[in-house]
Amino acid sequence: MIKILFLWFFLYLAFKTIGPIMKIFKINQSIKKKKSKENFHRKISKMDIQDAEFEET
């Protein structure tokens, strides 16, 4: 009986600590994704893109 209560208490604590850890992990992923998008847009804006000229024949 004591073993079951101890196991239940351990599982309860494990589930309570996993929640905040997962939130931090998701926040870190969203920050990395946002930085990569910003980096991509910065590289695109630095490119010297000229209008293409087409000859009609």
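1. The model is a predicted one, in which local features need pLDDT of at least 70, side-chain atom pairs count only at pLDDT 80 or more, and totals for chains, interfaces and linings use all residues. Residues are numbered from 1 along each chain as its sequence is written, and side-chain values use heavy atoms, with hydrogens and water left out.

2. The chain has one helix and zero strands, helices being DSSP runs of H or I with at least four residues, and strands runs of E with at least two. Leucine 7 lies in helix α1, which covers residues 2–46, and leucine 7 is classed as partly exposed because its relative accessibility is 48%.

3. Leu7 also belongs to a nonpolar surface patch of about 740 Å², together with Phe10, Leu11, Phe15, Ile18, Met22 and Phe25. Such patches take residues with over 30% relative accessible area and no salt bridge, and join nonpolar side chains within 5 Å, a salt bridge being a Lys or Arg side-chain nitrogen within 4 Å of an Asp or Glu carboxyl oxygen.

4. The structure holds one aromatic pair, and the rings of tryptophan 8 and tyrosine 12 count as stacked because their planes are at 15°, with centres 5.7 Å apart; the cut-offs are centres within 6.5 Å and planes under 30 degrees apart.

Note on methods:
Patch = residues over 30% accessible without salt bridge, like charges linked within 9 Å, V, L, I, M, F, W, Y side chains within 5 Å. Areas by Shrake-Rupley, 256 points an atom, 1.4 Å probe, with all protein chains shown as cover. Buried < 20%, exposed > 50% of the residue type's maximum accessible area, 1.4 Å probe, protein only. Phe/Tyr/Trp six-rings, centres within 6.5 Å; stacked < 30°, edge-to-face > 60°.
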